[in-house]
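Hi,

Here is the structure I promised to pass on. Have a look at it first, and then read my notes below.

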Amino acid sequence: IPVADTCLSTYVKVLRSNSHRDIFHHLYLMKDNYLLSVTERHDRIWSEYITTYGLKRYDERGNFINGVNVFLDDTNSVVLSRRIDDQRIMLIHTKTVDSRLSYIFTLINDQMQVIWSKAYKTFTGYNFTSQQLFGDLTTDAQGNFYFVGNNLGFMENRKVMVFKMDPNGNALWLKVTDIPGGLFLTCSAVTTNTSVVVVVEGSPRCATLRLDKNTGQVLNAYTYANDHGGSIYKRDLKFVNDRILYSCNTQGNALLVLLDTTGIPFRMKRINRAGYGHGGGDMKNWNYYNAYIYYDAGNNRKNVLCMIDSALNMVFSNEYDASRYSFSPRIHVSDEGNIYMGTGQIYGGVNGNYYDPIVIKFDPQGKLGTCNSVNVIPDITDVFPDAQLASTIASDNIFTLLPSIPLTFILDTLGQHNSELLCSSPSTCQSLYLSGT
C-alpha cells in the first residue's frame with residue numbers, strides 16, 4: 001500500500017458517526033502517514049447526555065480503521081496528549097488523590113497499545129497548571145521527558161516548574177524557578193543538545209528559562225518585549241539547526257520569534273492580521289508551516305495556510321474562505337511534503353448542536369484541489385526583542401509516585417464513515433466509496 005493516496009492527492013473529507021457531536025481534539029500524523037486522533041464524542045440517550053473520550057486511527061486517505069474509548073480507573077475521562085514522535089504519543093490524565101492534583105502519564109504506540117503508565121501526586125501548594133491542566137511536555141534525543149507548567153504570579157512571584165522523567169517514566173528531578181516581574185499565562189518547552197528551554201507568555205514582558213538537561217541547574221533567564229494576548233492555546237516551539245522558533249501572538253496579531261540555544265530572542269517579526277486566531281504548525285526541513293484564522297476588512301473570516309523559511313520570510317500564504325469550517329489548531333507535514341489537518345464543522349441551532357470531524361490533506365504548496373484559494377502575502381513588521389537578563393530563584397521539589405492507576409481501552413464499536421467530499425484534486429481512481437448519512 002503506498003504511503004500517499006494515489007487517487008486523491010488532496011482532499012477535504014467530512015466524517016460522520018451516529019453521535020450528534022464527534023470532535024477532534026488533535027489529529028496526529030504517525031508512521032507511514034497513518035493518522036491518530038484524540039476525540040470527544042457527545043451522545044443523547046433519552047434524557048441523559050453522555051460524553052465519551054477516546055482514540056481513533058485512520059489511513060492516509062482519511063478512512064477510519066479502528067478506535068478505542070479510554071477509561072481511567074473505570075471512569076471515562078478527558079484525554080490530554082502530546083505527540084512524541086511518529087510512533088509514540090503521551091496521554092496525560094488528571095485525578096485528585098489525597099486532595100492533591102495528580103497526573104497519570106501513559107505512553108502509547110501508534111497502534112494504540114500502552115508502553116508504560118506512571119502516576120504522580122503533586123506537592124502541597126501546587127498551582128503550575130498554566131491556566132489549563134499543564135503547560136507542555138517535550139522530550140530529548142536520549143528519550144527523557146520534560147513536563148512543564150507555570151503559575152500565574154498573583155500575590156506571589158511568577159514561577160516555572162520543570163519535572164524530568166527518564167525514558168521509562170521514572171522521576172529524575174523537579175525544579176521550581178522564580179522569575180519575578182509580573183504575571184505568567186502559559187508556557188512551552190523544547191530541548192537542545194544540552195539544555196531544556198522554556199518560553200513563558202507573560203505580562204508586562206514574556207520570559208525564557210534555560211536549565212541544564214542533566215542536573216536541572218538554572219543556566220540563565222531572559223525577559224523580552226512582548227505582552228501575552230490573554231489567549232489559552234498551545235504555542236509552537238521548535239528546535240532545528242541550532243535555532244529555536246517560537247510562534248505566538250501579540251496585540252491581536254501573529255508573532256514569530258527566533259531564539260539562540262541559550263534562549264535569547266534575537267529576531268522577531270509581527271504578521272499584521274487583525275483578529276488573528278493562532279492555529280498550529282509543524283517544521284519540515286527548517287520550513288515552518290502554520291495554519292490560522294483572521295478577519296479581513298469586511299469582517300469576513302479567512303482560513304490561512306502559510307510556509308515561512310528559516311529567516312522568517314513568507315514563502316506562501318494561501319487564503320481560503322471559511323465557509324463551513326475553521327482551520328485546525330494542529331497540522332503535520334509528511335516526509336513527502338503533504339500537509340494534514342483535522343478540524344470540524346458546527347451546524348444546527350443557534351449555538352451549533354451538531355459537530356462533524358473533517359480530515360484535510362494539502363499538497364506541498366498548500367493547495368487544496370478544487371477549493372479556491374488566493375496567495376496573499378500579509379504585511380510583516382520587524383520588532384525589536386529588547387532581551388534583558390532576568391534574576392531567578394531556584395528550588396527543588398518532588399512528585400510522589402503513586403500505585404498504578406488502571407487505564408483501560410474499550411473497543412469503539414461506532415466508528416466513523418466518509419460522508420462528504422467537499423473538494424479535492426482531480427481523482428485518478430475509477431470510483432470513490434462514501435457511506436453514512
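Let's begin with a word you'll meet a lot: a residue is buried if its relative accessible area is under 20%, exposed if over 50%, and partly exposed in between, using a 1.4 Å probe and protein chains only. By that rule arginine 41 is buried, at 7% relative accessibility.

Two notes on where this comes from. The model is predicted, so local features need a pLDDT of at least 70 and side-chain atom pairs count only at pLDDT 80 or more, while totals for chains, interfaces and linings use all residues. Residues are numbered from 1 along each chain as its sequence is written, and side-chain values use heavy atoms, with hydrogens and water left out.

**Salt bridges**

Side chains of opposite charge can pair when their charged atoms come close. Here a salt bridge means a side-chain nitrogen of Lys or Arg within 4 Å of a carboxyl oxygen of Asp or Glu. The count by this rule is 17. Arginine 41 makes one with aspartate 43, at 3.2 Å from N to O. Aspartate 43 is buried as well, with 15% relative accessibility.

Another salt bridge pairs lysine 56 with aspartate 412, at 3.3 Å from N to O. These two come from distant parts of the chain, 356 residues apart: lysine 56 sits in strand E4, and aspartate 412 in the loop between strand E35 (407-411) and E36. (Strand names come from DSSP: helices are H or I runs of at least four residues, strands are E runs of at least two, and they are numbered from the N terminus.) Both lysine 56 and aspartate 412 are buried. Through shared partners, salt bridges join Asp22, Arg41, Asp43, Lys56 and Asp412 into one network.

Glutamate 156 has a relative accessible area of 33%, so it counts as partly exposed.

**Strands and hairpins**

Strands of a sheet pair through backbone hydrogen bonds, either parallel or antiparallel. Two strands count as paired here if DSSP finds at least two bridges between them.

Strand E3 (residues 35-45) runs antiparallel to strand E4 (residues 48-58), with 11 bridges between them. Histidine 42 is opposite threonine 51 in E4. E3 and E4 make a hairpin with 2 residues between them, and tryptophan 46 in the turn has a positive phi of about 55°.

E4 also pairs with strand E5 (residues 64-72), again antiparallel, over 5 bridges. Glycine 54 has asparagine 69 in E5 as its bridge partner. This is a hairpin too, with 5 residues between E4 and E5, and glycine 62 in the turn has a positive phi of about 85°.

While you're in strand E5, find valine 68. Valine 68 is buried, at a relative accessible area of 12%. Leaving out residues up to four places away in sequence, its contacts (heavy atoms within 4.5 Å) include Gly54, Met112 and Phe409, and also Asp412.

There is also an open sheet of 5 strands, in the order E7-E8-E9-E10-E34, with antiparallel pairing. Strand E7 (80-85) and strand E34 (400-401) are at the edges with a single partner strand each, so one side of each has no neighbour in the sheet. E7 is joined to strand E8 (residues 88-97) by 5 bridges, and leucine 80 has isoleucine 92 in E8 as its bridge partner.

**Cysteines**

How many disulfides does the structure hold? It holds 1 (a disulfide being a pair of cysteine sulfur atoms within 2.5 Å). Cysteine 371 and cysteine 423 form it, at 1.7 Å from S to S. Cysteine 371 lies in the loop between strand E29 (354-362) and strand E30 (374-375), and cysteine 423 in strand E36 (residues 417-424), so the pair ties together parts that are 52 residues apart in sequence. The torsion about their S-S bond is about -70°, so the disulfide is left-handed. Both cysteine 371 and cysteine 423 are buried.

Cysteine 187 is buried, at 2% relative accessibility. Cysteine 306 is in no disulfide either, and its nearest cysteine sulfur, in cysteine 248, is 14 Å away.

Cheers
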